[in-house]
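The sequence and structure come first.

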Amino acid sequence: MEIHHDSQSLFLNGTAGRLEAILWTPTRHEVTPLAAVVCHPHPLFGGTMHNKVVYNAAKTLDALGIPVLRFNFRGTGLSAGEHDKGRGEQDDARVALDFLASQFPGVPLLMAGFSFGSVVGLRVGCRDARVTELIGFGLPVNSTDVSFLQECRKPKLFVHGGEDQFGKRQKLEEIVAALPGENRLVVVEHADHFFVGRLDEFNAAISDWLKKRHPALHTL
């Protein structure tokens, strides 16, 4: 997978202090149809913006010519503050969207996230009018209430391991089937929560969905 971007390490002005972030901006000059934020998994279990799943998602978006912002939630890495059980982290995600919108005015935003980050990202993205599409990886439906999705009609992609230990496949299938709007669930067979050994299929699921939604991405 080729990567063509300028990489900028920076700090965002979060409500609990600075947030460590990395912005990848395509070096190609075509107008992009989207700009993306990717949220990382649970920081109390080692999750950061450098997580392998988050990094692969960013690489896939970058290869399509989409600007990508990753950031560390409060209390993670060099980010200030303390973990707030998903509450303050929603403010962090909004700050990330605000920054991305300021860098790419008028460009529709894509909100994506992995595990804990998928819950935070989907919650925030469903409510933010600037976000037009959503992607959740490894949504931990075994232990998390995701009923808020029932009010969200925005197009959504869910990528899930067939043997995800934190999200029972059947439960997620039932949830997605009952959601309003356009929703797609891609189950990567024989994959666990972290898509170990199956990241190529994970990446392909994201790329295929976006190319179908945005045919111009084929020419970038």
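## The disulfide

The link of Cys126 and Cys152 is left-handed, with -95° about the S-S bond. Its S to S separation is 2.4 Å, where a disulfide is a pair of cysteine sulfur atoms within 2.5 Å. A search of the whole structure finds one disulfide. In general, a disulfide is a covalent bond between the sulfur atoms of two cysteines.

Cys126 sits in helix α3 (residues 116-127) and Cys152 in the loop between β6 (131-137) and β7 (156-161), so the pair ties together parts that are 26 residues apart in sequence. Helices (H or I, at least four residues) and strands (E, at least two) are DSSP runs, numbered from the N terminus.

## Basis of the model

The model is predicted: local features need pLDDT of at least 70, side-chain atom pairs count only at pLDDT 80 or more, and totals for chains, interfaces and linings use all residues. Residues are numbered from 1 along each chain as its sequence is written, and side-chain values use heavy atoms, with hydrogens and water left out.

Cys126 and Cys152 are both buried; buried means under 20% relative accessible area, exposed over 50%, and partly exposed in between (1.4 Å probe, protein chains only). Cys39 is in no disulfide, and the nearest cysteine sulfur, that of Cys126, is 12 Å away. Cys39 is buried as well, at a relative accessible area of 0%.

## Phe148

Phe148 belongs to the loop between β6 and β7 and is buried, with a relative accessible area of 19%. Leaving aside neighbours within four places in sequence, Phe148 is in contact (heavy atoms within 4.5 Å) with Val119, Leu122 and Arg123.
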